[in-house]
Amino acid sequence: MVPSELCSGLDRNTANYVPLSPIQFLERSALVYPDKVAVRHGERAIAYREFESRCRRFASALAQRGICRGDTVAVIAPNVPALLEAHYAVPALGAVLNALNHRLDARGIAFCLEHGQAKALITDSEFAPAVGEALRILGRELMVIDIDDPLAAEPRTRLGKLTYEELLAEGDPSFAWPGPRDEWDSMCLLYTSGTTGDPKGVVYHHRGAYLNALGNALAFGLRPDSVYLWTLPMFHCSGWTYTWAVTAVGGTHVCLRRVDPALIFQALRDHHVTHLCAAPIVLNLLVHAPPHARQALDRVVEVATGGAAPPSAVIEAMERMGFRVTHLYGLTESYGPATLCAWQEAWSGMSLTERARMMSRQGVPMPTLARVMVADSETHVPVVRDGVSMGELMLRGNTLMKGYLRNERATAAAFRGGWYHTGDLGVWHADGYVEIKDRSKDVIISGGENISSLEVEECLYRHPQVMEAAVVARPDAQWGETPCAFVTLKPHAAATTADDIIAWCREHLAHFKVPRSVVFGPLPKTSTGKIQKFLLREQARAL
Ligand code: ADP
């Protein structure tokens, strides 16, 4: 019998095939845990039954006001319930959620609203000055809804005619939302930071969001009794898909408007938080929090970090404080986490320092990603797994974006050769773990040799007086480029000079990798905790 005959009559039908969508997680958790706390915000606790009915009201009110399948709804807000609810209500209509970075300036906001063709904007009162200006630049009518959060800073300026809670009051709590027609339907639009030109609009589909959320729930060990603290911005890759992952297990979301170590430690204690995600910079804030802001942990708290390379010294310090660190790597284009440094039992016998070095590698594919490889950017020939040969990290699977909105050329370039090209350069170790050495645009080329800025930073973070460090290329007449270090010392650090730092590096690095110049002071960062190396490069050029 030929295979086609074997399978004849075994077709998809509505019983055996339903489009994958994370909206299903909310419907199920509301059914299974109706009285359990789904969301906390300040003193407020929202049970799963209410969480679902608020989302249904939200979707129904948007529909009544003309939002249809395929329309874009933008939101500018910190980690508040309205933004979490938007991750269900908007895609449940078949519409597209465009969560915007609230640190963008007016011009940046206007660009995204225009490029994404937003039909509605839901905006937190705290950002009214920049958003008001953006609306003037945009110069067209838009439905504007204000989130009037009692926990927002004063004055709570309104820009529209309706508040978010008034909108919900218009809606039907048992609205039968249509959901996606197909799991490939667009559901989120997320703009990259645009450090190398205009931001690109990354488009997610329901299938990818569903899979990546489940992959994260599995990899990070979320369970129904998990309590997840929202330190990572929800606008960043849909909160690395934890907006859906936490709901998938019926856990509790704890909202947090501001990343402040004292507030984080307080929330950990008051709400018995079990899990949180944060960029390495935020972990460093916790490590160096002043004594009055700190609280001792009475149990192990799971923290996942990524978005930038966590120096092993930071992992080590977090583990000393009682956190268990999971290292994730990914991009906006991969729905956040695409790889993780999966724990191996054999590492338990290692010293903390050795273990932290193993864990600072970016690792292996998430359970829901098909393939990872380190290969030549053009030929796609994989590098030797020797921990030394460099190549570009490439990804393949169901948790990669659909593409960039209205940018066919960038989409084709990103997916050339049937792989997603991350633009990150790294090595492949014999145990199958990948390790990133640099972003291709951050690598320093000195006298024809490549210097990994991450390797020099790793060395600087191990200096006893250094709190933060970043290394960039500085143009040099003789060498082409030389490494230039920007360093922030710890709060009460002993007097440390540029010569001390250079001497430390000479002791621990090959001499051609040692920074020729050292600049002390605070480092410029994005709201997602990335050091803005392009600003440092400009500064280095002007030295
Ligand atoms: P943007 O490109 O706007 O900065 P993304 O979140 O998409 O925002 O950034 C993805 C990039 O962040 C990756 O290409 C990589 O360079 C860096 N990155 C993310 N996670 C890690 C990690 N664990 N280790 C090293 N670099 C990381």
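## Contacts of an asparagine

Skipping residues up to four places away in sequence, Asn 79 touches Trp 230, Thr 231, Leu 232, Pro 233, Met 234, Cys 255, Leu 256 and Arg 257; touching, or contact, means heavy atoms within 4.5 Å. Keep in mind that this is a predicted model, where local features need pLDDT of at least 70, side-chain atom pairs count only at pLDDT 80 or more, and totals for chains, interfaces and linings use all residues. Residues are numbered from 1 along each chain as its sequence is written, and side-chain values use heavy atoms, with hydrogens and water left out.

Where does Asn 79 sit? Asn 79 is in the loop between strand S3 (72–76) and H4; helices (H or I, at least four residues) and strands (E, at least two) are DSSP runs, numbered from the N terminus. Asn 79 is buried, at 6% relative accessible area. Buried means under 20%, exposed means over 50%, and partly exposed is in between, all with a 1.4 Å probe and protein chains only. A polar atom of the Asn 79 side chain is 2.9 Å from the backbone oxygen of Leu 232.

## Around the ligand

On to the ligand. Its shell has 18 residues, and Ser 193, His 327, Thr 332, Gln 362 and Asp 424 come nearest; a residue counts as near if one of its heavy atoms lies within 4 Å. Strand S14 (residues 323–331) gives the largest share of that shell, five residues. By type, the shell splits into five nonpolar, nine polar and four charged residues. Here Ala, Val, Leu, Ile, Met, Phe, Trp, Tyr, Cys and Pro count as nonpolar, Asp, Glu, Lys and Arg as charged, and the others, Gly among them, as polar.

Which distances to ligand oxygen atoms turn up for the side chains of His 236, Asp 424 and Arg 439? For His 236, a side-chain N or O atom is 3.0 Å from a ligand oxygen. Asp 424 has a polar side-chain atom 2.6 Å from a ligand oxygen, and for Arg 439 the distance is 2.9 Å. The protein buries 91% of the 570 Å² that the ligand exposes when taken alone; these areas come from the Shrake-Rupley method with a 1.4 Å probe, and for residues only the protein chains shown count as cover.

## One side of a helix

Helix H2 (residues 23–32) has Ile 23, Phe 25, Leu 26, Ser 29 and Ala 30 buried. These five residues are on the same side of H2 because they cover an arc of only 155° around the axis, the arc being that of the directions from the helix axis to the C-beta atoms. An α-helix has 3.6 residues a turn, so residues three or four places apart point the same way. And what do the buried residues of H2 pack against? Their partners are helix H3 (48–64), helix H4 (81–92), helix H8 (206–219) and helix H10 (242–248).

Most residues other than glycine have a negative phi, and most peptide bonds are trans. The bond from Glu 154 to Pro 155 is cis, though, with omega near -5°. Pro 155 belongs to the loop between strand S6 (143–147) and strand S7 (162–163).

Two residues have a positive phi without being glycine: Ser 238, at about 50°, and His 380, near 65°. Ser 238 is in helix H9 (residues 237–240) and is buried at 1% relative accessibility. His 380 sits in the loop between strand S17 (369–375) and strand S18 (391–397), and at 19% it counts as buried too.

His 253, in strand S11 (residues 252–254), is buried at 0% relative accessible area. Its side chain makes a 3.0 Å polar contact with the side chain of Trp 230. Beyond four places in sequence, the contacts of His 253 include Ala 38, Leu 84, Tyr 228 and Val 246.

Lys 437 is part of strand S21 (residues 434–439) and is buried, at 19%. Among the residues it touches outside its sequence neighbourhood of up to four places are Met 390, Leu 425 and Ser 452. Ala 498, in helix H17 (residues 498–508), is partly exposed at 26%. Its C-alpha is 7.4 Å from that of Ser 517, 19 residues apart in sequence, and, leaving out residues up to four places away, Ala 498 touches Val 518 and Phe 520.

Technical notes: A polar contact is a pair of N or O atoms within 3.5 Å; within protein, one must be able to donate a hydrogen and the other to accept it, and residues adjacent in sequence count only if both atoms are side-chain atoms.
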